[in-house]
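Me: Could you take a close look at one part of this model for me? I'd like to hear about a pairing of side chains and the helix packing around it.

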Amino acid sequence: MSTPSPRPSYAAVLRVPHARRTFAAALVGRLSYGTVSLALMLSLTRSTGSYAVAGLVMALFGATSVFLSPYRASLVDRHGPRRALLPMALLYAALLCVLAAACRHPGTPAGVLAATAAITGACTPPLGPTMRAVWAELLPDRAMLQRAYSLDGVAEELLFVSGPLLVGAVVGVAPPAAGVVLSALLVAVGTLAFATSPAAGVLRPAEHGKDADAPGGAGAGQARALLQPVVVAAGVGVSVSAVDLLVVAFASERGLGDGTVAWVLAALSLGSAVGGLLNGAVAWSSSARARLPFLAVGLGLCLAAAGLAPGVITLAVAVACAGLFVAPALTTAYLIADESAAPGFRTRAGAWCNTAVNAGLSAGAAAVGLLVERLPLPVCFAVSGAVAVAAALVPGRRRDRSAGRSGPVSRRPSRSRPSRPSGRSGRSPSGASGRP
């Protein structure tokens, strides 16, 4: 159940001291993640002349970026954003420039490109999880935090839509390697401004000796509490990534062009953005853990219904309806992760959800690629929706309060702050996907 917020204003979030500067800086850095995949792929294919080699190099780049995300987030928790995030970003930017230079010289050995890409991905700064951790410190009021997360998620959605467009403009007047250099510049400048902002200073390094990671102690309770949001985030990633390929197959079966595919996927992004804004503007009376399964089920049912669409317009409407649940589901998962995090471990908790989404996006694309060749399209839509429904069955467990933090509401004495709040989602280069 929910009731409309008396003042559904996102402006209240941005009026918090230093919030606008910090958020804007984080978005500049995160725009790099919307530009780098396409720019690097174009650079690699032009340099090597092989889609297979380019695909392998991109896979290594993505794998180290995604699966090492919790470790990089732990460095931010342990040392703070200024001591950990800034060196990480500068190294990542420098390695991107090395990759761009290597791609400018045709004949660079594939092994050199692959090794450089893997090391570069391993250094990707976790700007998204760190920004959400900053929001959680700036806004101890849960309603305001929900609104902030929704605003963050919708903005991120727009970055992953506008990033490839920016790369398209760059490669129209310069070689693709220039897009890689632009990605390096964005992440370096954005992270520098973010890490040096006053708001970034509210993230205190975790105290050494904390037992939050101890087996059987607070860490075990925290892991159980994170299970629900992480599994649902992965399920949403699988389902959403499946949509890209399923829409392509739908258009192909009916002899429709690529423009049709683009419009249907745009409907998914639009639905996600609208859903995120609506989610943040509602004062929910139910807890985040209670809402999360319903959001995942809603996504799954809409995707199953999309498989029954008789035409492209009906498909676009069904996909847009599915999108309404994407940003709210991921936003809610991030909120639960924040509630479950022990003091000093917020960035890491959010990074686990991020990793789950990105891993789900990769796995979903691979799995659906196999299914489309073997099963009718409506069945493939139903299977992709069933993954989200299955994820909703994971029980939500609160972290044992005696093992760390006290309740989910406020963690420190409150400063003067506005009254109510918000929640990304995230989809990536293709429209679904990877956000460090």
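Reply: Let's start with the salt bridge where the side chains of Glu 156 and Arg 30 meet, at 3.2 Å from N to O (the term needs a side-chain nitrogen of Lys or Arg within 4 Å of a carboxyl oxygen of Asp or Glu). Glu 156 sits in helix 8 (residues 142-171) and Arg 30 in helix 2, so the pair ties together parts 126 residues apart in sequence. Helices here are DSSP runs of H or I with at least four residues, numbered from the N terminus. Searching the whole structure turns up five salt bridges.

Mind that this is a predicted model: local features need pLDDT of at least 70, side-chain atom pairs count only at pLDDT 80 or more, and totals for chains, interfaces and linings use all residues. Residues are numbered from 1 along each chain as its sequence is written, and side-chain values use heavy atoms, leaving out hydrogens and water.

Now for the packing: helix 2 (residues 19-48) also packs with helix 3 (residues 51-67), at about 145 degrees with axes 8 Å apart. Axes are lines fitted to C-alpha atoms, for helices over the stretch in contact, and angles run from 0 to 180 degrees between N-to-C directions. Among the residues that meet are Leu 40 and Leu 44 in helix 2, and Val 57 and Phe 61 in helix 3 (contact means heavy atoms within 4.5 Å).

Elsewhere, Leu 278 is found in helix 11, and helix 11 (residues 258-280) gives the most to the nonpolar patch, with three residues. Patches take residues with over 30% relative accessible area and no salt bridge, joining like charges within 9 Å and nonpolar side chains (Val, Leu, Ile, Met, Phe, Trp, Tyr) within 5 Å.

Technical notes. Helix = DSSP H or I, 4+ residues; strand = E, 2+ residues; numbered from the N terminus.
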